[in-house]
Amino acid sequence: MAAPLERHLALIGFMGAGKSRLGVEVAQRLGRPFVDLDREIESASGRTIRDLFVAGGEPAFRVLEGEAARRELRRAEPAVIALGGGAVETESIVHDLKARAVTALVEVDVGEAWRRVGGRGRPLAADEASFRALYQRRAPVYREVADAVAADADDAVLAAGGVEVGLGGIERLASGLHGGRPTALVADAHVAGIHGAVAQLALGAALAETHELPAGEEAKTLEAVERLWRALRLPRGGALVALGGGSVTDAAGFVAATYLRGIPWVSVPTTLVGQVDAGIGGKTAIDLPEGKNLIGAFHWPVRTVIDPEVLATLPPEEVSEGMAEVVKTGLLAGESLWELPEPELVRRCAAYKIAICIRDPHEHGERKALNLGHTFAHALEAASDYRLRHGEAVALGLLAALRLSGLPTDVVEEVLSPRPARVDAERAWAALGRDKKTANGRPQLVLLERPGVPRIEVELPEAEIRAALGSLIQG
């Protein structure tokens with residue numbers, strides 16, 4: 001049950017779907033090589049696809065295609081691979097797709113496909129009636145083979161990260177747990193009361209255990225995770241499903257990373273904070289009194305299920321809290337993502353983060369930009385004994401980051417309306433010094449050159465950082 005991070009992204013679909021065009025864009029966003037399988041076959045044989053069909057017929061071509069697909073799918077480095085329209089009818093290719101790739105279906109209407117490629121020299125696109133019949137024959141095969149459907153580059157990026165964004169996702173939980181492996185469901189009591197029954201029904205016979213974590217940051221304590229470690233009875237072949245907000249996915253993901261030296265897990269974030277940030281990307285962590293997220297691991301979930309429908313159960317303050325991460329993402333992307341309707345907002349934010357995390361899974365470089373505002377936010381949270389809500393702290397942290405960047409703060413003030421925190425300034429400063437982004441005793445800040453252009457590992461004079469922190473604290 002390999003994590004999506006270790007697998008190729010394969011694009012399948014009928015002729016004229018635009019797999020190659022989409023594949024180039026997605027490969028650039030993921031920082032992966034792009035392979036157009038038809039072009040590889042032509043390069044290796046020195047002949048065009050049409051000539052190969054004429055010389056040996058379709059059966060001979062399918063043999064060459066199978067060999068080329070096996071060669072590319074068995075390479076160790078994950079790539080984005082666009083397959084020909086008929087590749088899914090070759091059993092050996094389907095076997096390798098299941099074993100080594102996340103497969104996304106690029107759909108196209110048959111009429112539009114004919115308009116794009118019909119009568120233009122493709123061997124199987126000479127006659128419209130035959131073309132349409134072939135489409136009808138292959139359509140159910142595409143659906144059976146595909147792990148996801150990609151209408152655009154964002155969908156393909158999400159598929160590469162094993163992220164499903166869609167209404168009713170919780171009801172389809174079991175589909176990502178291949179082999180019916182024994183599964184533990186972990187949630188806090190509040191979320192379990194709202195969504196637990198649906199999740200349990202979805203898991204069916206695979207559900208072996210249910211466990212609860214405390215709500216909020218209390219889930220991210222050593223005491224809470226120790227209780228969960230000791231209560232689990234899963235074998236190494238088991239899996240853990242984390243259902244809840246960012247604190248639950250952080251803590252349960254960390255338990256999955258460490259229990260029996262690591263078991264697969266599924267992240268099911270149920271808050272806006274979790275769906276656009278905390279529940280995706282493979283970071284797991286718990287807190288110490290000295291600072292937030294000081295103990296953790298990178299452990300990419302085998303699947304992340306984001307169901308925007310569950311956001312309707314959130315109180316307004318929970319939605320407002322999540323908007324802080326949306327504004328952060330919009331500032332990093334250089335787009336007003338906070339103006340989008342909720343389902344699209346979630347999808348776009350998740351795709352932006354997943355692309356960065358795939359390019360830099362262990363935060364050695366550009367992934368650090370996702371910490372915009374969080375150095376200050378985590379210090380304020382720790383100084384409040386984690387009574388200050390994460391979204392409120394991030395909103396304040398974004399104010400500080402924009403001020404230190406010399407940029408206007410109007411979007412943060414208008415969308416998030418942050419209020420100064422009631423915490424001890426010296427305790428907040430001490431927590432900032434313990435932040436995991438500190439190097440050689442000096443805070444490493446994320447600032448902006450301008451919206452869409454982040455600057456990472458920025459060092460500023462201590463007095464300037466202290467002043468920025470102090471401006472966030474109620475005098």
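Modeller: Before we start, a polar contact here is a pair of N or O atoms within 3.5 Å; within protein, one must be able to donate a hydrogen and the other to accept it, and residues adjacent in sequence count only if both atoms are side-chain atoms. This is a predicted model, where local features need pLDDT of at least 70, side-chain atom pairs count only at pLDDT 80 or more, and totals for chains, interfaces and linings use all residues. Residues are numbered from 1 along each chain as its sequence is written, and side-chain values use heavy atoms, with hydrogens and water left out.

Biologist: Okay, which atoms pair up at the start of helix 7?

Modeller: Helices are DSSP runs (H or I, at least four residues), and strands are too (E, at least two), numbered from the N terminus. At the start of helix 7, a side-chain oxygen of Asp152 comes to within 3.2 Å of the backbone nitrogen of Asp154. After the helix comes Gly162, with a positive phi near 75 degrees.

Biologist: How many residues of helix 7 are buried?

Modeller: Buried means under 20% relative accessible area, exposed over 50%, partly exposed in between (1.4 Å probe, protein chains only). In helix 7 (residues 153–160), 8 of the 8 residues are buried, so the helix is largely enclosed by the rest of the structure.

Biologist: And what covers those buried residues?

Modeller: Contact means heavy atoms within 4.5 Å. The cover includes strand 1 (8–12), helix 1 (19–30) and helix 13 (342–359).

Biologist: How many disulfides are there?

Modeller: A disulfide is a pair of cysteine sulfur atoms within 2.5 Å, and the count is 0. The sulfur of Cys349 lies 13 Å from the closest cysteine sulfur, in Cys357, too far for a bond.
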